[in-house]
Amino acid sequence: MIRSALMNVMTAAALKAGRGLKRDFGEVENLQVSVKGPGDFVSAADKRAEQTLFEELSRARPGYGFLMEEGGAVEGSDKSHTWHIDPLDGTSNFLHGIPIFAISLALEREGRLVAGLVYNPASDDVFIAEKGQGAYHNNRRMRVSARKTLAESMVACGIPPLGRSGDHERFKIELAAAMAKVGNIRRLGAAALDLALVASGRCDGYWERGIKAWDIAAGVVLVRESGGFVTDLDGGADMLAKGAICAGNEAIHRQLLEVMRKA
Ligand code: LIP
């Protein structure tokens, strides 16, 4: 287990925000049948969770900067630390009453991601990792899977939603290329959890384009600290800036990247 002061701060903030999301998720299920639908309620829930994270982390670590899905960038007096926050990754799942969503929280220090936490309040799954200290799922050490071939692999991906038309053609080409080689492909709808599944060895690989830095920052730390590999889709380290990501155990990451390059 990681018993650092930093991880205590991150866990306490996430659990507090998660309690609110859990309550709100129950309400969303009732709103499915209302005429207005749960849209406005969900965006309020999203903002409330972000506010809780912002307040808790500001109190515990005054001066750190923030990059948040809802509130954008908040510059801190301490220029070497920035929190990356997605209070509700998998918003569409949450909106539709599907219990696959998460709080994603990462800390960047001097330009490097040093800690990550992904928490699904619906299932009470907590994934944490700190640079050099390993990664844990509900207090148990995580390792990436040992599968060596794509044909025996379970690979997660992200499908660009309606409205990102340019991305659709490219995705169809990449999906066709992956389907020709990969045993099973999943689209779960929450990038932070896709990466947590790779880190914990449940999925062997994952790729997605058009993703935001706050969706993946925490998961990047989880995968690395579980012994996995994570890059952008050109094999470089610019996944946060490019919004394109490929992750997996060493063998699957390499092969999946190759499939995407040739697609
Ligand atoms: C979501 C991502 C998911 C992606 C969705 C969406 P959000 O993030 O986690 O992988 O495919 O389009 O961007 O918007 O729920 O935080």
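Which pocket does the space taken by the ligand form? In this predicted model, the ligand takes up the space of the largest pocket, a pocket being an open set of points on a 1 Å grid over the protein atoms alone, with protein on both sides within 12 Å along at least five of seven lines. Local features need pLDDT of at least 70 and side-chain atom pairs pLDDT 80 or more, while totals for chains, interfaces and linings use all residues. Residues are numbered from 1 along each chain, and side-chain values use heavy atoms, without hydrogens and water.

Around the ligand stand 15 residues, each with a heavy atom within 4 Å of it; among the closest are Asp89, Gly90 and Glu208. By class, this shell holds 7 charged, 5 nonpolar and 3 polar residues, with Asp, Glu, Lys and Arg counted as charged and Gly among the polar ones.

Polar contacts (N or O atoms within 3.5 Å) can be followed one by one. Oxygen atoms of the ligand lie 2.9 Å from a polar side-chain atom of Arg187 and 2.8 Å from a polar backbone atom of Ala191.

Note on methods. Polar contact = N/O pair within 3.5 Å; in protein donor to acceptor, adjacent residues only side chain to side chain. 1 Å grid on protein atoms, 1.4 Å probe; cavity = no way out; pocket = protein on both sides within 12 Å on 5 of 7 lines; lining within 4 Å. Sits in = over half its atoms within 2 Å of the grid points.
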